[in-house]
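Dear colleague,

I am passing this structure on to you, and I would be glad if you could look through it with the notes below beside you. They go from one part to the next, so please keep the view open as you read.

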Amino acid sequence: MSNQTLSPDTVQKQKFSLLSLLMRKRTLMMLLLFFVILVIFAVLSEGRSLDPRNLMNILNMMAVSAFLTQGVALLMISGKLDLSTGANGTLCGMFLAFVLREGVPLFPAILLALCVGVLFGLVNAALVNELNMAPFIATLATSLIGTGFVIMIAQNRIIPIRDTTMHWFGSHMLLGFRNFPGVPVSALLAFLLMTIIGILLHMTKFGRQIYLVGGNPQASMLCGINPKKMSYILFIICGLFSSAAGITLVARLQSANMQGLVAQRFQGITAAVLGGIILGGGSGGMLGAFVGLLVLNTFSNGMTVMGIGPGWHHVASGGLLVFALSLEFLQKKQAEKTVA
Amino acid sequence: MGDILEFKNICKSYPGVRALQDVSFSAKSGNVLALLGENGAGKSTLLRILSGDVSPNSGKITINGEEQIYSAPNDAIKMGISVISQERQLVPSLTVMENIFPGAQPKTKLGTIDKKKLRSESNAIIDKFAMPIDPDDLVGRLSVAHQQMVEIMKAYRRNSRIIAFDEPTAPLTESEINVLFGLIDQLKAEGKIIIYVSHRLAEIFQVTDEIVVLKDGLLVSQLTTSQTNENELIKAMIGRDLGDTYANLKRNDQIGDVILEVKDLNTNKLKDVSFTIRKGEVLGFAGLIGAGRTEVARAVFGADMISSGEIHFDGKKVTFKEPKDAIKAGIALCPEDRKDQGLLLFRTIRENVTMPILSRIKSGLFLNKKLERELTEEAVRQYTIRTPSINKITRELSGGNQQKVILGRWTNSRNSTKLLILDEPTKGIDVGTKAEIYQLVCDLAKSGLAVIFISSELTEVINVADRIIVMQNGQITGTVMREEATEENVLSLAMLV
């Protein structure tokens, strides 16, 4: 290895630093996996999986999980975790349907639902920061509590939503052409936000601080960053995105039911991990999380098209996760080798 | 007829550091042998080799001439070696008797633990040492001293031939120390080999028979306790040769106004700490590990709670609620543990250097990456950080370069640092880089910065600092000017009561 001080010609090489190359490789690897999955299912289903309607289906499915993913991804980069996103989203969706039925106009109703999300984040952050609870346990607890409220509000019924704006948000298609029906408004919004957040994460002070706190909270504190404040903000952001996911879901279904986001509750974390956000915090990014999301959703959609039962979807998601974490392990081993 | 433990040509090195170099000595049964040396002299490494935690690069340990080979963690115990380290190896949620008999409890015919027998056997041991402990007490509820006694009884129960103590008196009160010494005498009378590691000279004269002095991983002398004195020991412990480096330092001779004044500072670890430091001054903090130097730094920096006392900085009375406030006022801290508190090991040099100045390299909403690059390159040049790129992750740098990255964080042109606190800045760094860092410290002082220089290496602190504050047990025990400082007078302020 070179032992020279920085000179102009070595500056040129900086873009190829080891870790960023590996991280990029990780995203690339996942992208590759995405195409492999796409091709395999296309062949197996004799082209049915590539039908424009089906592609639209994938995007539709992704809207909800894209909201779930971006909040939890930010939190995970900062070294924390939130298991309550599913319960939070389900409760917000249910709450929204409930207040709409009670006659509250749409705009305040949505604000109220988002407040529930903020409250979730606030409670999670308080448990973690004030009572020093492990995020895993704290958010598990709030998740149970949230689910309890869902059951109490729903009382085993489905609450229909008749608001037309909600229908538009959930199912209206934009950007359609020829026989491709387009992308749902909600999915567009989710992807747009994901792009913006991805850019902010890399370009702003706050974004950088998320990485710093995740990389070493002690050192960050000694450099004048307040890890506690960061953790509050990020838990609240995560709560907000979870409620956005819940609202999107009920908008698409045009009703709220108790099942809500139960099936998708770990999709955010799974996608983030698949995309290279390590659980310890401090690395990964939105692009990776998006690719992780793509992999996850094409895979489960492919299985649906093949008529494979939902039980196998979960098995497959678990398998993917194991696969991704083995990659992480191998990557770390590789990194250690190059250092030694 | 007694046992003999021998260390033969033990060598151990870690990356960049030779912890032990060709150390040979022997210990006899019925004798207490002291291991003495400064921080980092190699005492702990030696004990860890004895307990099998660490294997030496070369050399061997023999008992009665027979080489001991460690292959499993339990081997030291099987060989009859017990090392009582500073960290307790007890299970706090279990009772005293369960701790004395770990994994060797007497069983009933049904295979369950025979509590009655366990209790009576434990009682026999407890009575032998006349301890006021009940075998049914939970270990977690015992005082630190009694927990230590339980460890000793555990070692005794195993019939250990060799018992090593690592700084056993550090957490004990005076009367507890006397009880411990009584115990050691008893073990000695039973023909055990005892190895005793301590910083406290008075104790060494009280309990030991022989003394082995280590310095920088070398055995410098082996003495009989009754034939030596404190001065001889202190002389043996010190005296390294970096003389030219220090003589060649270009120091700052223009010392300005007082920048920081600390008055009667108290925290849960510090007692009535008062001192001042002036612009352009390098103020050394000497003392043993745990003397409270780091705590002073953290308290001034707003990282630890202050229970009482006043801090005046730059002419104003200040109270820092968090490090952020201290940084804003112009104080910077380079913490003692580079890996835990200093660096983000998996992020780049660039991201590490700009950590505290992110708000200053913003243009509008976004970070100015070009400015960030320029500032990092400036730090790399100024501190001659050896790296092919500013985007190298810091884990891949040497210790010295890592330290320079931390220094670079605080002293670039976008920072308004007025007081720089360096906590053990040369720990684990090779001699060449150490010399560079000393000169950097002097250069920073020349530019008008006040520098607090905390170090456990005596030679270094008395040669680099203009004035040296010596601490012991959370209190300042004296202040010495560089011209009058000798290792002897500083060490005696740090060690003697």
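To begin in chain B, strand S11(B) and strand S14 (residues 308-313) of chain B run antiparallel and are joined by five bridges, and B:Asn266 has B:Ser308 of S14(B) as its bridge partner. Please bear in mind throughout that this is a predicted model. Strand S11 (residues 258-266) of chain B also pairs in the antiparallel sense with strand S12 (residues 273-278) of chain B, again over five bridges, and here B:Val258 is partnered by B:Arg278 in S12(B). S11(B) and S12(B) make a hairpin with six residues between them, and in its turn B:Asp272 has a positive phi of about 45°.

As for confidence, chain B has a mean pLDDT of 87, with 96% of its residues at 70 or more, while the predictor gives the complex an ipTM of 0.82 and a pTM of 0.76. Where pLDDT is low, the predicted coordinates should not be read in detail.

Chain B also holds an open sheet of six strands with mixed pairing, in the order S6-S7-S8-S3-S9-S10. Its edge strands, each of which pairs on one side only, are S6 (81-84) and S10 (218-224) of chain B, and neighbouring strands of this sheet are turned by 15° against each other on average, direction ignored. Within the sheet, strand S7 (residues 162-166) and strand S8 (residues 193-197) of chain B pair in the parallel sense over five bridges, with B:Tyr196 in S8(B) as the bridge partner of B:Phe165. Helix H1 (residues 43-50) of chain B lies across S3 (31-36), S6, S7, S8 and S9 (210-215) of chain B and runs at about 150° to S7(B), whereas helix H6 (residues 174-189) of chain B lies across S3, S7 and S8 of chain B, at about 150° to S8(B).

Another open sheet in chain B has six strands in the order S16-S19-S20-S13-S21-S22, and its pairing is mixed. Strands S16 (331-334) and S22 (475-481) of chain B form the edges, each pairing on one side only, and the twist from one strand to the next averages 20°. Strand S21 (residues 467-472) of chain B pairs with S22(B) in the antiparallel sense over six bridges, and B:Gln472 stands opposite B:Gln475 in S22(B). Helix H18 (residues 487-495) of chain B lies across S13 (282-286), S21 and S22 of chain B, running at about 30° to S21(B).

In chain A, the axes of helix H4 (residues 85-101) and helix H6 (residues 135-154) come within 8 Å and cross at roughly 25°, so H4(A) and H6(A) are roughly parallel to each other. The crossing in which H4(A) passes H6(A) is left-handed. Residues of H4(A) in this contact include A:Leu91, A:Met94 and A:Phe98, and those of H6(A) include A:Gly146, A:Phe149 and A:Ile153; by class, the contact has nine nonpolar, five polar and no charged residues.

Finally, how many residues does each chain give to the contact between chain A and chain B? Chain B gives 37 residues and chain A gives 31 residues. On the side of chain B that touches chain A, the elements giving two or more residues are helices H11 (323-329), H12 (338-342) and H14 (369-382) and strand S18 (366-367) of chain B, and this side has 18 nonpolar, eight polar and 11 charged residues.

Note on methods:
Residues are numbered from 1 along each chain as its sequence is written. Chains are lettered from A and ligands numbered from 1 in the order in which they are written. This is a predicted model: local features need pLDDT of at least 70, side-chain atom pairs count only at pLDDT 80 or more; totals for chains, interfaces and linings use all residues. Two residues are in contact if their C-beta atoms, placed from the backbone, lie within 7 Å. Helices (H or I, at least four residues) and strands (E, at least two) are DSSP runs, numbered from the N terminus. Ala, Val, Leu, Ile, Met, Phe, Trp, Tyr, Cys and Pro count as nonpolar, Asp, Glu, Lys and Arg as charged, and the others, Gly among them, as polar. Axes are lines fitted to C-alpha atoms, for helices over the stretch in contact, and angles run from 0 to 180 degrees between N-to-C directions. Angles under 35 degrees count as roughly parallel, over 145 as roughly antiparallel, 65 to 115 as roughly perpendicular and the rest as oblique. A crossing is left-handed if the near helix is turned anticlockwise from the far one by less than a right angle, and right-handed if clockwise. Two strands pair if DSSP finds at least two bridges between them. pLDDT is the predictor's confidence in each residue, from 0 to 100.
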